[in-house]
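Subject: A structure for you to look at

Hello! I am passing on a structure that I hope you will enjoy exploring. Please open it first, and then read my notes below.

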Amino acid sequence: MSDQTKSRAARRQQMEAEKRRGKNKQKKNGAGIIKKIILGIVALGFAILIGGAGLFAFYASSAPDLDESLLKDPITADVADRNGNVFMKLGAEKREFVPYDQIPKEMESAILATEDVRFYKHHGMDFWRLGGAVLANFRSGFGSQGASTLTQQVIKNSFLSEEKTLKRKAQEAWLAFKLENEYDKEQIFEMYFNKVLMSGRIHGFGTAANYFYGKDLNELELHEMAMLAGLPQSPNGYNPFKNPERAEKRRNIVLSLMYKHEKITKEQMEEAKAVPVTATLLPEDQRDDNTNSQYLAYADIVLDELEAAGMADLISEGITIHTALDPEAQKSVEKAINNAAIYESEDMQAGMTVLDTKTGEIVAIGGGRNFTGRNWNFASGDNLRQPGSVIKPILSYGPIIENESWSTAHTVVDEPYKYKGTDISIRNVDGKYLGPISIREALYRSRNIPAIKVFEEVGTKRAREFAGKLGLEYGDMTSTLAIGGGDAEFSTIQMAGAYAPFGNGGIYTKPHAVKKITFRDGTERNLAPDPKTVMKDSTAYMVTDILRDVISYGTGKTANVQGLDMAGKTGTTNYDAKTMKEKGMKNTDVPDSWFTGYTTEYTISVWGGYKDFKTPITTYDKGRYVPQILFRTVMTDLVAGKNTPHFKKPSSVEEAVIVKGSNPTILASNSTPDALKSTELFVRGTVPTEMDEEVITELDAPSGLTAEYDAESNSVALNWSYDDPDALMLPEPVQFSVSVAVDGGEPQNMTTTSEHAVTFSGVELGRTYVFSVTAISGEIESSPASTSLLIEGQTEDDPWMDENDENDNNGENNNGDSGNNNGNWNNGNNGDNGDNGNNGNNSNNNGNNGSNNGNDGDADNSGGDGSGNPGDETTNPGTGGDDGSGDGTDDGSNR
């Protein structure tokens, strides 16, 4: 037993010893692995360093040589139209070259504080700044933030392409060092100062000082120097002529940087910031007109796009900018927009954008009347305005059709209404309510209350998403946005872009003027955005079909181009009550007027109004209608001599004839009156199945009508046949109205019967009778069936003539009861009444012959029309009798 215990203890000791040896071995192995990793990293670092140095040397060896002419002078950029023809050279303008010793020190301080505060301390590369940029690039991707010094900017704008690659960066760094070795700091600063792009086509600070202020550099004030120093980062965006608010914010940043780097005192900073950026700008009437340049408004948009893409500095690199400009369209726009005869005043302005509906390319721009390049471009982001009712298809009707598949016949009630959750009432422009109407009618009549109801049905989330896909960004939304109010404002470029997809099957391409850029080395960069499907083709077509009616029947008739399949929407905005009261405005005064319309080929958006929002449009023909007039004028030129395809209904849309005003919608039947029929559109699969009740709306005439005279009873027997239709399809059972006319006189009703026969008594020899039978059911009547009968012979004693009083009745009424007329035929009143005329029963010629229009002034005129009462069936009223009494002039002419 003891031996077993000892052996077990020995085994445990042995196992513990082995375990300790294993742990020690693992520790040694772990330490070895860590050591190897560290050594590997160090080796890799050396390899990368050596490889990087080798790669840097390789790239640097292929860098171009420094060329002093390129260092000092900007290289012109060519701007070409859609046909490849150059219409503008950027950078070819006369420059004010300023030697370094003439640059004010305060101006230099402003530039260095903003662009390169360590300029006089580095040797071409600022490694402190580079470190910050490297960290930013690790976070946001290579090329997201630059660390370029002034030296590098001079190099970049003189020799290298724009692409952000390691090769370019290596060459840029090498050439910067090289430039610093061959030129002193003052020379390099002079190069930058005179070459940098300042705004549009302006290069150099000296040129910019004259351009913006009409001053030499040594005349500039501190706030003006700071404004100029801030321009190179965004030349068009910080242009104080166009964007004074942005320019002032940028200027104040420069002033803060100057104070931070101890270039100015706090008091100087605050004093300069207090000056409005527009206070000392060159007055508009003193600015150059750039009369030697073409298509300035279009070029302005090109520069905006390059700047938005971060490529404004490429203008100094000798690039070719390929645009979508159509010169003929641009000429048409400029001619139309500068026609002073269409405006209510000299100060009224307009802006216009013409797009290719399919591609989103901007083919022409109307920047405003007498656009010079230094004033506002009223087509662009310079002029953001409330859209008014132009927004209704985008926030209300488009999204409801897209998301809920509403038909164009869907009913919405135009009635007194308040914004949801408020006590604020909404009004239509005419102050009236139309009751239940289709969304088609609500949109083409531009009713406000239905638009807001539909918007609230859509919901803000879906409305925001729909608009966002069309390039119109919204933040928090309220119902007032649905009728173009609120704080959302847009340009004609944005609005044209938002409408084009409706004419392009739901495909959106962001509006763009620049298609591509070609660099000096022949490489190209495509800048055209990709098309996107943003709505169903059914939505696009159904909205388009409604907007056709805006031009045909609604508020956009002034924009119509005869024979062209087109669609569009009008819009006006309003002043608030406070502004109207302060300015003493009329209710009809408005700040903005819009029209945006399109065909399958072109989309045009036009705005009209004043630069000063508080100056109102006061007229219609030369005020509110200006956008429609401009649209019609330019569109007419664009389509002249061309075959513009019609909008094509996609297979996803069905057409159906419905009963107008039915809710829920029902299909029209064959018997539905035409006035109650309407052809509407439905998303396929949603056409209603219920049909209007089939009723008969027309009755056949009776057939086989005969008239047989019975001499013995002195009567005429009438007989006819009739195939009675289904009684369930008639408003009432069929009856027959029987009438008779004697010797060409007016028909007199005999009787109404449900039988197919009737007997007429008391006929007279020698007279011709015309009998007519008409089928009747409620308001429905057939055409009459007629037959005539001559009763031959003559009576011995004519009851119609008194031998003692042949022509002298003296106004007595000849009631002439002769035989049994069943109360249907007054035989006596059709006798020879002499001067009495007809008793109003046959007034077809009443008043045309004065002799029958009274009793020559006799007694009570009971036998004629002299009483002033019109005839029973006056169809050709006259002007009154010649010799009737004074009361005999109203014979039916006022009926």
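Helices here are DSSP runs of H or I with at least four residues, strands are runs of E with at least two, and both are numbered from the N terminus. Is Lys215 buried or exposed? Lys215 counts as buried because its relative accessibility is 18%; buried means under 20% relative accessible area, exposed means over 50%, and partly exposed is what falls in between, using a 1.4 Å probe and protein chains only. Beyond its neighbours within four places in sequence, Lys215 is in contact with Ala209, Asn210, Leu220, Glu221 and Glu224, where contact means heavy atoms within 4.5 Å.

Before going on, a word on the source: this is a predicted model, in which local features need pLDDT of at least 70 and side-chain atom pairs count only at pLDDT 80 or more, while totals for chains, interfaces and linings use all residues. Residues are numbered from 1 along each chain as its sequence is written, and side-chain values use heavy atoms, with hydrogens and water left out.

**The whole protein**

The protein has 22 helices and 28 strands. Of its 895 residues, 50% are buried. Among contacts with a separation of 6 or more, 68% are between residues 24 or more positions apart.

**Helices 8 and 9**

Helix 8 (residues 205-213) and helix 9 (residues 222-230) have axes that come within 11 Å and cross at roughly 120 degrees. Axes are lines fitted to C-alpha atoms, for helices over the stretch in contact, and the angles run from 0 to 180 degrees between N-to-C directions. Helix 8 is therefore oblique to helix 9; angles under 35 degrees count as roughly parallel, over 145 as roughly antiparallel, 65 to 115 as roughly perpendicular, and the rest as oblique. On the helix 8 side, Phe205, Ala208, Ala209, Phe212 and Tyr213 meet Glu224, Met227, Leu228 and Ala229 of helix 9.

Helix 14 (residues 392-404) packs with helix 17 (residues 460-469) at an angle of about 105 degrees, and their axes are 9 Å apart. That makes the two roughly perpendicular. Helix 14 brings Pro393, Ile394, Leu395, Gly398, Pro399, Glu402, Asn403 and Glu404 to the contact, and helix 17 brings Arg462, Ala463, Phe466 and Ala467.

Which residues of helix 17 are buried? They are Ala463, Phe466 and Ala467. These three sit on the same side of helix 17 because they cover an arc of only 95 degrees around the axis, the arc being that of the directions from the helix axis to the C-beta atoms. The buried residues of helix 17 pack against helix 14, helix 16 (448-458) and helix 19 (537-552). Just after helix 17, Gly471 has a positive phi of about 90 degrees.

Helix 14 also packs with helix 19, at an angle of about 130 degrees and with axes 9 Å apart, so this pair is oblique. Here Pro393, Gly398, Ile401 and Glu402 of helix 14 meet Thr539, Met542, Val543 and Leu547 of helix 19.

**One more loop**

Finally, look at Ala711, in the loop between strand 21 (703-710) and strand 22 (715-721). Ala711 is exposed because its relative accessible area is 56%. Its C-alpha atom is separated by 9.3 Å from that of Ile791, 80 residues apart along the chain.

Happy exploring!
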